[in-house]
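Hello,

Here is the structure we talked about handing over. Please look through it first; my notes follow below.

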Amino acid sequence: MRRIHARLAAPAAALALLLAAGCTGGATQGQAGSQSSAGAEKEQLTLAFETDPYGWDPSNQPGYQNWQAEAVWDQLVLCDANGKLQPNLADTFEITDQNKTFKAHIREGVKFSDGTPVDSAAVAASFDFVTKNGGAQGDYKGIKIATPDAQNVSITWPTSQQVMANKVCSPRIAPAAWLKAKKFDVPVGSGPYVLDTAATTTGSTYTFTKNEEHFAAENYPYKKLVVKVFASPAAAVAALRTGQVDAGLVNLADVAAVTGAGMEIKKFQGQTTRLLLTDHLGKVVEPIRDVKVRQAINMVFDKEAMAKNLYQGEAEPTAQVFRKGSDAYIEGLQDPYPYDVEKAKALMAEAGYADGFDLELPTIAGQNFETLMPYVTQQLAQINIRVKQVPLSGANAIGDVLSGKYPVVLWQLGNLGNSALQIYIESTPDGWWNLEHQPDEYVDSRWEQMATADEATSKTLQQEINKYIVDQAWFAPMVYTGSNFAFKADRVSIPTESDQEALTPKLRDFK
Amino acid sequence: MWLSLIKNLVRSLAVLLVVTFVTFSLMFANGAGIAQAVLGLGATSEAIQAKVVELGLDQPLLVQYWNWLTGAVQGDLGMSFYTGESVSSGLATRVPVTLALIVVTLLLTAVLSVILGVTAAVRGGWVDRVLQFIAVLGTAVPAFIIAIALVYVLAIRWPVFPATGYVSPDVSFPGWVASLVLPVTALLIGAVAGAAQQFRSAVLDTLGRDFVRTLRARGINERYVVFRHVLRNSAAPGLTVLSLTMLGLLGGAVFIEQVFALPGMGQLAVSAAAISDVPMVMGTVLVTIVIVLVVNFLGDLAITILNPKARTR
């Protein structure tokens, strides 16, 4: 056996040497996340990313956590946190012709990463591209694009637009030839960063180097940007705690772990937890057509208790679905539906539904249902509404939710800085979150007026719509909630918030 | 022997066809849902229908499967519905990561299982009892739990190894080793637990055979008896266990890649399946089946080489 031990000594020593090399590599790896520090030149920003971006088709970029798209492409104009337009590739612009036409002057001297100039032809091609590609084609139906010269462009819609801002700040500007070829393996844009393909592994790590010639280079202090994909929240938290990444979203349950590791949290309140009661005409769930039933549903939820117990104090009760400070938000609105189960029962009885009814509620991963649904089910049972949960999964899940098959849905739906856009999405017949797509004369007439209204009038109309929605109990809003963004304060600061969805910082917010 | 191997090959092809067809069928009839998921929430019904046609999802099941199969035979596994990336190039970057993980784990499993199994069988006593304990522990505790514990202890609490990520060996060999230590260890514990037990049992069984008694009676050195005769005769069940261990590692790698954010095939398979990215799912299934079949084939071949009796079957 002594010879066996001797024979094992050599491989054991080799293994020990490998492990020692690994420890050294590990220590280096752990510290290599970022070498930047407050006040010093910024070398690298490393961000954690929840889901892999869907390739480099500019018409199919996510609106949420889209740092990679922000890195490589510019938009013609930017939408700020309130959905108001800001200069970008266009240094001057105006909306004319009763909100039908958008005119822009493109700043001079800007080039794409392939060396071709950013001009009106590229802008026209980019807007034309989204009329035929991507999920927003409906927003650009029938547009006419004029390019009087290389630096000027005008885009005209066939009808007045209530949310012109969102439609002009969304398309990503790319060279016409690149768009025509539709070969999207490597992005070409004029953005503040350029993709480093050698240091990029699709689905894992995306590395970008700074475009020093960018017209707003001073807004992007990092020489290198690395975006790492973490499908597992546990892996993202481990990477944050060990300094492998500088910043990223964390779940509420992980906040203590990352703050314990010295990270700070920037809270975003871009969501309103609510029941959508979209079948106002009662075509699918007949009882929902009665406003008393919808009001009763509103009155069985103790919002204060929800904020304290279900969200551990990290939520704020609300009676409105719109974000504080947005045009549609009504300052000082008293909650017309305070928590009162007995009154809710009385309303149900008045409506003729004292015995309640059956209701299917779909559930889907990622919406905090495991926390919320038991409470919602329990409270609706107090007024004899018997909830049957319908679990949805896979690629069909969202499609099933939006199909109208389930007119009542529990969702942590976004509240947008641009409340006009939110009205369109949730309350007009064409809006995809108006699940039954049912018209309403009050809302639709004011929506029509908003198309040609000035800012002040639009704000008034939006608040009228909001008041109506509250009175008619189209939703059962519960709390404002949102996301927690962890960051290492000695490496990165986030002094501004530019995301109109208020879910994460935009790339330009990292300093 | 060769006839047997050819028969195995034909059976393997049949398995490949059946599994890929069943997988394809399970993901069929999801065209509109996939198109909506690709385009986003606000997509119009016209845009969704156009995308369904563009992706060929309006074709009947057999037509879609045939198109995929004929492409696969020619080396074209199609393009991801979501990223537009070639499935082949996507797999080309992912498969080496998973293979690195499971091959390193398998090699270490083989070495450690033989050492522990032989030692426990030959020496018995406390070594054998420790092995029994490790076997129970390794089987009872799932690899991902071990992984999370390793991350906490050796990456967060005492930062010895990186918590996440993978470094390619051509970028940095020490970095590559570092990035694999914790994931391999998480898989190794369970793998060794099972394989060492099997080796121990096989060695014990062989040690009780008449020919071993005869060799000892002839005065042949015990070390020679164990390493030259006993191990060789215990190889067949041991290699079978290692083949099965390899397959188990393929499944375990899916969880481990999630915990350590390794850009491997397992993580790709999970994310592709979640969004019904059919070409990518089919690509990962095809590669997985090929690996399974190759491993089985090599295992059978090794047994045939080591065991002359198998050659006459």
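**Notes on the model**

N88(A) lies in the loop between strand 4 (85–87) and strand 5 of chain A. Helices (H or I, at least four residues) and strands (E, at least two) are DSSP runs, numbered from the N terminus. This is a predicted model: local features need a pLDDT of at least 70, side-chain atom pairs count only at pLDDT 80 or more, and totals for chains, interfaces and linings use all residues. Residues are numbered from 1 along each chain as its sequence is written, while chains are lettered from A and ligands numbered from 1 in the order in which they are written.

**Around N88(A)**

Is N88(A) buried or exposed? N88(A) is buried, because 22 C-beta neighbours lie inside 10 Å. The cut-offs: buried means 20 or more other C-beta atoms within 10 Å of the residue's own, exposed means 12 or fewer, and partly exposed is in between, with C-beta atoms placed from the backbone. Leaving out residues up to four places away in sequence, N88(A) touches D74(A), Q75(A), L76(A), V77(A) and L78(A). Contact here means that the C-beta atoms of two residues, placed from the backbone, lie within 7 Å. K183(A) is 95 residues from N88(A) in sequence and 26 Å from it in space, C-alpha to C-alpha.

**A four-stranded sheet in chain A**

Four strands of chain A form an open sheet, in the order 5-6-8-7, with antiparallel pairing. Two strands pair if DSSP finds at least two bridges between them. Strand 5 (90–96) and strand 7 (144–149) of chain A are the edge strands, each pairing on one side only. Neighbouring strands of this sheet are turned against each other by 15° on average, direction ignored. Axes are lines fitted to C-alpha atoms, for helices over the stretch in contact, and angles run from 0 to 180 degrees between N-to-C directions.

Strand 6 (residues 101–106) and strand 8 (residues 152–156) of chain A pair in the antiparallel sense over five bridges. Which residue of strand 8 of chain A is the bridge partner of H105(A)? The partner is N152(A). Helix 3 (residues 120–132) of chain A lies across strand 6, strand 7 and strand 8 of chain A. This helix runs at about 175° to strand 7 of chain A.

N99(A) sits in the loop between strand 5 and strand 6 of chain A. Its phi is near 60°, a positive value in a residue other than glycine. N99(A) counts as buried, with 21 C-beta neighbours inside 10 Å.

**Chain A as a whole**

Chain A has 15 helices and 19 strands. Its radius of gyration is 26 Å, close to the 24 Å that the globule rule gives for 511 residues, so chain A is as compact as a globular protein of that length. The radius is taken over C-alpha atoms, and the globule rule is 2.2 Å times the number of residues to the power 0.38. The C-alpha atoms fill a box of roughly 90 × 80 × 40 Å along the principal axes. Buried residues make up 47% of the 511 residues in chain A.

Now the confidence. Chain A averages a pLDDT of 90, and 92% of the residues score at least 70. pLDDT is the predictor's confidence in each residue, from 0 to 100. Over residues 1–11 of chain A the pLDDT is below 50, and this stretch has one contact in the model beyond near neighbours in sequence. Residues 24–40 of chain A are also below 50, but that stretch has 45 contacts beyond near neighbours in sequence. Where pLDDT is low, the predicted coordinates should not be read in detail.

**Chain B**

Chain B has 13 helices and zero strands. Its C-alpha trace spans about 85 × 55 × 35 Å along the principal axes. Of its 313 residues, 40% count as buried.

S276(B) lies in the loop between helix 11 and helix 12 (278–306) of chain B. Its phi is near 55°, a positive value in a residue other than glycine. S276(B) is buried, with 23 other C-beta atoms within 10 Å.

**Where the chains meet**

In all, 50 residues of chain B are in contact with 43 residues of chain A. Elements of chain B that give two or more residues to this side include helix 5 (87–123), helix 8 (173–207) and helix 10 (222–259).

Best wishes
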